[in-house]
Amino acid sequence: MIIDGSAPESIDRAVASLRGDGVIGLPTETVYGLAADALNDVAALKIFNLKGRPTDHPLITHIAGQEALRHFTTEVPSFAQNLMTAIWPGPLTLILKKIPGIATTCTGGASTIALRCPSHPVAKNILRRCNEIGIWGLAAPSANRFGRVSPTTAQHVFEEFGESVLVLDGGPCGVGIESTIVDCTRGAPIVLRPGILTLDQISKAAKCAVQQADKISFEGAASQSAAPKASGTLESHYAPNAVVRLLSSDEILDRLQKITATGLTIGVWAQSRPILSEVSQNFLFKPMPNSPQECAKALFAQLRGFDSLGMTEIWVQEPPQTPEWAGITDRLQRAAHRGSEPR
Ligand code: TXA
Ligand code: MG
């Protein structure tokens, strides 16, 4: 059921559910989350069951502010402190060493914990109210079934879970792609999952050099197992029902000209409409925003939109290969994994 996230009675109802080991749909500035008390193993397990997510894929814990850190960690390197001071509340998740023995289910038994302080007013409100009743953090992965497209509206969450989950409506998410994840447990910051923040922004905020996990080789069996696991970093993720293909604008045009098969309906998301020599009924064009911020905001809703219109394939124009587009390119490549082919 969807309820108005700005109404005081909705907040009361959501907090009562969380107090009773419940799970709620929570708006954040990045995507909607499926939230439960992070320090409560019974509640956290319900998230894994609802999502169909393997229990060794740890969840992100959301906190009201730095004052809540002490309930989860006692080791905060200075660069991590710099990151929090500069970017929280905001779309940044930090992996830190965990206080042993706590939040076992939520962290999938790891010795580390992912912490994030969201800036969405409804999330902030809920977290503040939770603190008043001794709930210090909310575990919240994206509110979609495992491997599927993340939700950026309350309606998307409803489409995933139906009436079984109480969803606070906080409007469409302002950022649109998940937070940047930075591992702070390895001596220097390492970006595990790109988001809307650029490497340069992160490095300036951390006041030190930052590395990208995909540029570091975790070679050999022993160190491979030491490489952090992140489901958002699986090759195929964020996948709609339609086959997604990432193509240049020339390739889109070329392929559209050559379509002969009938029954193929293609959603085209590109910066400009492909101009064909003959009228084609086979594709539906939607304009892709030119700015990475606007594109990120629209991305998941657009993939869902094409699915709901019954498109068999979604052809997306490859974004520019610049740092501002890294998070969007990452999501699109994972969404397109099934549709990737030798080119
Ligand atoms: O923007 C976001 O981060 C959203 C909103 C709801 O806050 N949440 C989100 O959560 O994307 P989720 O669970 O879908 O993604 C969390 C990612 C996963 O890829 C998980 O494996 C990784 O964080 N993660 C969590 N704890 C970790 C840890 N201790 N070490 C390494 N990776 C971790
Ligand atoms: Mg997710």
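Helices (H or I, at least four residues) and strands (E, at least two) are DSSP runs, numbered from the N terminus. The structure described here is a predicted model.

**A loop residue**

Gly20 sits in the loop that links α1 (8-19) to β2 (24-26). Exposed means over 50% relative accessible area; Gly20 has 53% relative accessibility and therefore counts as exposed. Gly20 and Asp37 are separated by 17 residues in sequence, and their C-alpha atoms are 9.5 Å apart in space.

**Two domains**

The domain assignment divides the protein chain into domain 1 (2-226) and domain 2 (243-339). Between their C-alpha centres the distance is 29 Å. Domain 1 contributes 21 residues to the contact, and domain 2 contributes 16 residues. About 1400 Å² of area is buried between domain 1 and domain 2, with 59% of this coming from carbon and sulfur atoms. Three salt bridges are counted between the two domains. Elsewhere in this account of side chains, Arg304 and Glu159 form a salt bridge, with 3.8 Å from N to O.

**The sheet of 11 strands**

An open sheet of 11 strands has the order β1-β8-β2-β3-β7-β4-β6-β5-β9-β10-β11, and its pairing is mixed. The edges are taken by β1 (2-4) and β11 (211-212); each has a single partner strand, so one side of each has no neighbour in the sheet.

Strand β9 (residues 180-183) can be followed residue by residue. In a regular strand the side chains alternate between the two faces of the sheet. In β9, Thr180 and Val182 point one way, while Ile181 and Asp183 point the other way, and all are buried. On one pairing, β9 runs parallel to strand β5 (residues 92-97), with four bridges between them. Here Val182 in β9 is the bridge partner of Leu94. β9 also pairs with strand β10 (residues 190-193), this time antiparallel and over three bridges. The partner of Val182 in β10 is Val191. β9 and β10 make a hairpin with six residues between them, and in the turn Gly187 has a positive phi of about 90°.

**The sheet of four strands**

A second open sheet has four strands in the order β12-β15-β13-β14, with parallel pairing. Its edge strands, β12 (243-247) and β14 (283-287), each pair on one side only. β12 and strand β15 (residues 313-317) run parallel and are joined by five bridges. In this pair, Arg245 is opposite Trp315 of β15.

**Strand pairs described above**

| Strand pair | Sense | Bridges |
|---|---|---|
| β5 and β9 | parallel | four |
| β9 and β10 | antiparallel | three |
| β12 and β15 | parallel | five |

Terms used:
Residues numbered from 1 in each chain as written. Chains lettered and ligands numbered in written order. Predicted model: local features only at pLDDT ≥ 70, side-chain atom pairs only at ≥ 80, totals over all residues. Heavy atoms only, no water. Pairing = 2+ DSSP bridges. Buried < 20%, exposed > 50% of the residue type's maximum accessible area, 1.4 Å probe, protein only. Domains from an automatic or database assignment. Contact = heavy atoms within 4.5 Å. Buried area = accessible area lost by both parts, 1.4 Å probe. Salt bridge = Lys/Arg side-chain N within 4 Å of Asp/Glu carboxyl O.
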